[in-house]
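Student: I have not looked at this structure before. Could we go through it by question and answer?

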Amino acid sequence: MAFIETTGKSVQDAIDKALKELKVSAEQVTVDILEEGKKGFLFGFGSKDAKVRVTVKEDVALVEKPAEKTLEEATEEAKEALKNLTVAAADAMNRKAEEFKAEAAEKVEEIKTEAAAKAEVIKNEAAAKAEEIKVAAQAKAEELKAKLEEKEAEAKTEVKAEVEEVKKFEGKREPRKYAVSDESVAAAKEFLQKVFHAMKIEVVMEKFINKNDGTVTFKLHGDEMGIMIGKHGQTLDSLQYLTNLVANKNSSERVRVIIDVEDYRDRRVETLTRLARRLADKVKRTGERVELEAMNPHERKIIHMALQGDRRVTTLSEGDEPYRHVVIELKK
């Protein structure tokens with residue numbers, strides 16, 4: 001049997017309150033007054049609420065059956081349920097997308113880390129290989145340098161005696177007319193062969209004789225011929241000078257020997273001619289004179305001849321040997 005005790009300013013207030021909470025009518029309950037209420041004195045001093053016990057009769061259900069829903073209410077509830085379902089589905093999809101995004105970001109980061117590690121390995125391997133190649137190249141360069149220095153030293157030692165002997169005759173003979181004799185050519189060729197043998201290099205020699213001007217040209221071919229040329233042909237010029245001394249030492253007629261290596265002299269003429277014209281253009285452009293590096297008389301002559309037809313510039317030689325050089329400047 002269900003009952004409830006309530007209070008109120010009056011008995012009726014307490015009863016109404018109980019009926020409302022029990023959701024029943026007055027006919028469906030029995031009421032027991034536990035305390036009568038008092039109004040109290042002025043301004044409510046001494047007042048007391050009434051208290052009742054309201055008991056539901058045994059044959060009355062506490063909760064009435066709800067009224068059946070109307071079609072409109074059912075439609076609205078269905079719409080609300082669909083809306084809630086849509087929102088829930090969207091939330092679920094968003095959560096899934098976030099999860100997928102997080103997994104993808106994690107995978108990308110993992111791939112980036114692996115790629116960085118592989119790149120670092122490749123970089124280290126490449127650096128190690130480059131260092132290995134560098135060390136090997138330096139060792140090879142040192143080996144070649146030592147080999148060239150050794151050959152040069154051997155050549156100097158071999159020809160020193162010849163030079164000393166030839167110098168005894170230098171300047172003692174009167175100038176003679178150039179001519180070509182077999183003895184002079186043979187002496188020149190033998191001297192060159194001794195030099196090449198001392199240097200331990202294989203050289204192929206071509207011989208060209210011009211009887212009109214009394215010149216003999218030896219054209220040299222072979223590997224490692226750079227050592228025979230030297231800086232700006234200085235070694236080649238020295239070898240040519242010594243060969244001329246040897247060729248004319250015991251000859252009644254003077255012969256002029258020219259030595260060329262892999263057509264170096266023709267190429268040197270072309271190089272100096274281009275250099276002269278390029279520097280002449282610079283002088284014309286800037287108006288400032290240009291000083292070339294020190295050259296031998298033959299190369300200075302090439303510069304002078306290359307620019308002798310230029311109406312705007314002039315050339316002159318300045319300085320003392322072996323530092324004499326060509327200057328290019330505007331004509332006054």
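This is a predicted model: local features need pLDDT of at least 70, side-chain atom pairs count only at pLDDT 80 or more; totals for chains, interfaces and linings use all residues.

Student: What percentage of the residues of the protein chain count as buried?
Tutor: A residue counts as buried when its relative accessible area is under 20%. The protein chain has 332 residues, and its accessible surface comes to about 23900 Å². The share of residues that count as buried is 27%.

Student: How do the residues of the contact of α6 with α7 divide into nonpolar, polar and charged?
Tutor: On the α6 side the contact includes Y264, R268, V269 and L272, and on the α7 side E299, I302 and I303 are among the residues. The contact of α6 with α7 divides into 9 nonpolar, 1 polar and 3 charged.

Student: Is E299 buried or exposed?
Tutor: E299 is found in helix α7. Leaving out residues up to four places away in sequence, E299 touches H232, Y264, R268 and L272. Its relative accessibility is 5%, so E299 counts as buried.

Student: In which handedness does α3 pass α5?
Tutor: Helix α3 (residues 182-199) packs on helix α5 (residues 234-248) at an angle of about 135°, with axes 8 Å apart. The pair is therefore oblique. The crossing of α3 with α5 is right-handed.

Student: Which residues of α5 make the contact with α3?
Tutor: From α3, the contact takes in S184, A187, A188, F191, L192 and V195. The residues of this contact divide into 9 nonpolar, 2 polar and no charged. Those from α5 are L239, L242, T243, V246 and A247.

Student: How far apart in space are V52 and S10, C-alpha to C-alpha?
Tutor: V52 lies in strand β3 (residues 50-56), and at 0% relative accessibility it counts as buried. Beyond its neighbours within four places in sequence, V52 is in contact with residues including I4, V11, V31 and L34. V52 and S10 are 42 residues apart in sequence, and their C-alpha to C-alpha separation is 9.8 Å.

Student: Is K200 buried or exposed?
Tutor: K200 lies in the loop between α3 and β4. K200 is not a glycine, although its phi is positive at about 60°. With a relative accessibility of 62%, K200 counts as exposed.

Student: What is the relative accessible area of D263?
Tutor: D263 lies in the loop between β6 and α6. D263 has a positive phi of about 60° and is not a glycine. D263 is partly exposed, because its relative accessible area is 34%.

Student: Which residue does a cis peptide bond join to E321?
Tutor: The omega of this bond is about 5°.

Note on methods. Residues are numbered from 1 along each chain as its sequence is written. Side-chain values use heavy atoms; hydrogens and water are left out. Contact means heavy atoms within 4.5 Å. Helices (H or I, at least four residues) and strands (E, at least two) are DSSP runs, numbered from the N terminus. Ala, Val, Leu, Ile, Met, Phe, Trp, Tyr, Cys and Pro count as nonpolar, Asp, Glu, Lys and Arg as charged, and the others, Gly among them, as polar. Buried means under 20% relative accessible area, exposed over 50%, partly exposed in between (1.4 Å probe, protein chains only). Axes are lines fitted to C-alpha atoms, for helices over the stretch in contact, and angles run from 0 to 180 degrees between N-to-C directions. Angles under 35 degrees count as roughly parallel, over 145 as roughly antiparallel, 65 to 115 as roughly perpendicular and the rest as oblique. A crossing is left-handed if the near helix is turned anticlockwise from the far one by less than a right angle, and right-handed if clockwise. Accessible areas come from the Shrake-Rupley method with a 1.4 Å probe; for residues, only the protein chains shown count as cover.
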